[in-house]
Amino acid sequence: MRIGVLRALDLDKDWLKVETQDGTQVEVNKLSHAVGDVIGPMVNKRVVVRAIKTKKGDLRFMDIELAED
């Protein structure tokens, strides 16, 4: 699980980037089943992204929701 601000989103290239509290940007891939009109309005807002780490160390998207402040 990653909590941070959703900074970038590219549905065609199948990734999103979340900036964590320490300023690190984390890329999460494989958004194929995610809906752009749901994720798009979350850009520049605090979110909780659930992802699993692959054997290669990449993060694969599972779910996203707005974070409670």
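I take strands as DSSP runs of E, at least two residues long, numbered from the N terminus. The model is predicted.

**Entry 1: E1 and E2.** I looked up the hairpin that E1 and E2 form. Strand E1 covers residues 2-10 and strand E2 residues 15-19. The two run antiparallel and are joined by five bridges. I picked valine 5 and asked which residue is its bridge partner in E2. I found glutamate 19. Four residues lie between E1 and E2. In that turn I noted aspartate 14, with a positive phi of about 70 degrees.

**Entry 2: E2 and E3.** I followed E2 onward to strand E3, residues 25-29. This pairing is antiparallel, with five bridges. I came back to glutamate 19 and found glutamine 25 of E3 opposite. The E2-E3 hairpin has five residues between its strands. There I noted glycine 23, with a positive phi near 90 degrees.

**Entry 3: the core.** How many residues does the largest nonpolar core have? I get 14. Leu6, Leu16, Val47, Val49, Phe61 and Ile64 have the most contacts inside it. I then checked which elements give two or more residues to this core: E2, E3, strand E4 (46-53) and strand E5 (59-66). E5 gives the most, with three residues.

**Entry 4: isoleucine 64.** I listed what isoleucine 64 touches, leaving out residues up to four places away in sequence. Leu6, Leu16, Val47 and Val49 are among them. Ile39, Met42 and Val48 are also on the list.

Technical notes. Residues numbered from 1 in each chain as written. Predicted model: local features only at pLDDT ≥ 70, side-chain atom pairs only at ≥ 80, totals over all residues. Heavy atoms only, no water. Pairing = 2+ DSSP bridges. Core = buried A, V, L, I, M, F, W, Y, C linked by side-chain atoms within 4.5 Å. Buried < 20%, exposed > 50% of the residue type's maximum accessible area, 1.4 Å probe, protein only. Contact = heavy atoms within 4.5 Å.
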